[in-house]
Amino acid sequence: MKTLLILGAGTGGTMVANKMVHELDSREWEIIIVDRDETHYYQPGLLFIPFGIYNPRDVEKPKRDFIPLNVNLILSDIELIEPEKNRVQLSKDKQIINYDYLVIATGSHIQPKETEGLLDGGGWRKNIFDFYSPDGAADLARFLKFWKGGRMVVNVSEMPIKCPVAPLEFLFLADWFFHERGIRDQVEIVYATPLDGAFTKPRASEILGGMLEKKNINLEPEFNIGEVDNKKQVIRSWDEREISYDLLVSIPTNMGAEVIGRSGLGDELNFVPVDKHTLQSSAWENIWVIGDAGNAPTSKAGSVAHFMLDVLIDNMLRHMEGLELLAEFDGHANCFIESGFEQGILIDFNYDVEPLPGKYPLPGLGPFSLLKESPSNHWGKMMFRWMYWNILLKGGEMPFESQMTMAGKWQ
Amino acid sequence: MTQDILDTIAFDDEGFMVDASVWTEEIAQAIGEALEVKLSDRHWEVIKYARQEFEAQGEPPTLRRITQQTEVSMKEMYQLFPGGPAKIAANIAGLKKPTGCI
């Protein structure tokens, strides 16, 4: 028997398990998937929890429900990956798994300890929160519900982060939420980011920056946080700029799993170097990387993991047959950006093409407006949760192509 | 003098050298002067590391990587290259703009 081992049963790993179970002959192959956590979180939904739009139960389901019965799911931490021995050591029962092919889908996670004073300065979960973790989002919801207002600073510690549009969505929703609560005039909203504008790509940055201005949200660009001074309630940048806060919403440094670093498989942020077009590990030919565990220069988002899926599966199967790999992944990402007041924006881009305005054709549902607010983009986003649980994770057909198309885009 | 050297070099729209292979230490001095960065030994340590990293990886190093792989701390990087340390270091080292952010 040969073994396909998948590390991580999040969006990427679960999709790979569901696809590969149909591709590999079960008389020849055993598929094993390992994860430390029995709960699958619909991560795009975390954004809605602080504002009471979702509650934590709305974004949780058991991982087991999404793993095919003939795939062996092991709940355990991973001690070490030893690529030169083609084996992985688990924490549980000190089990060792030998593999023929390995898929790394261990994701990225916030590491507040990377910023001085963020986690250990006394304010964490009192007036400093994150919304990238289920408990952080829930604690922030409790805080916001009764907050009387003041100066709210949203700060991105360092790029890259998972879902780079999420901080903007948080700002737009906060503006809406404080309006609804009737305290918008009591709240000053500041966005401090290491980027030189609202977003990473020029045209989208201009349009999204204009929206921040319209909503009276102050942008502090090129702010690289060095420390949080909990006593003075200021964040201080490496070049000694200070921004005071009453409420700090932090998007801490994002890093790959610690086991990646421990095993010597990662870069300086524990992301696994990967060929950005074939999705094969740069160092080991029987190791493959899906989603935000890798260092491909595209967004760290579920939509990207989905667009990677077909290329990764094809290439793994081709490799098993001794065929040449296809360099077909183009960095395709698309995201609905929730902009508040039941409006949304859609952006669609890849390694070479930045988000452009226009229309996104989608048979049966679309077209959706690109880089422009519309109610249908909002409903697209809200509907997506159903598609995620019922189609995407199970490896079903989604009405999106893996490669980006220029159809409908204005240049 | 500075301007004479810079006039012979091709730069992209954002002022990064188009061809990293024609870079010399004199060019670095000239770019540094144009950006009002006076190059000390500590600057050179970073610049040489950035060159070496680019040759190995094909990408300029991120700020985090520079501070992990050299003796220069984050704080000092901001003192040496005020404004945007990874970007300015790459610029003086004749490399393309770092693609740290997506």
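Predicted model: local features only at pLDDT ≥ 70, side-chain atom pairs only at ≥ 80, totals over all residues.

Started with helix α6 of chain B, residues 85-92: eight of its eight residues are buried, so the helix is largely enclosed by the rest of the structure. My cut-off for buried is 20 or more other C-beta atoms within 10 Å of the residue's own, with exposed at 12 or fewer and partly exposed in between, C-beta atoms being placed from the backbone. Helices (H or I, at least four residues) and strands (E, at least two) are DSSP runs, numbered from the N terminus.

Residues are numbered from 1 along each chain as its sequence is written, and chains are lettered from A and ligands numbered from 1 in the order in which they are written.

Which helices cover α6(B)? I found α2 (25-34), α3 (41-57), α4 (63-69) and α5 (74-80) of chain B among the cover. B:Lys87 and B:Asn91 are among the buried residues there. Just past the helix, B:Gly94 has a positive phi of about 75°.

Then I zoomed out on chain B. I count six helices and zero strands. Its radius of gyration is 13 Å, which agrees with the value near 13 Å for a compact globule of 102 residues; that is taken over C-alpha atoms, and the globule rule is 2.2 Å times the number of residues to the power 0.38. Buried residues come to 35% of the chain.

Next, chain A, with seven helices and 24 strands. Its radius of gyration is 21 Å, close to the 22 Å from the globule rule for 411 residues, so chain A is as compact as a globular protein of that length. Here 46% of the residues are buried.

I picked strand β21 (residues 333-340) of chain A: eight of eight residues are buried, so this strand too is largely enclosed by the rest of the structure. β21(A) pairs antiparallel with β22 (residues 343-349) over seven bridges; pairing needs at least two DSSP bridges. A:Phe336 sits opposite A:Leu346 of β22(A). Two residues lie between the strands of this hairpin, where A:Phe341 takes a positive phi near 55°.

Terms used: Contact = placed C-beta atoms within 7 Å.
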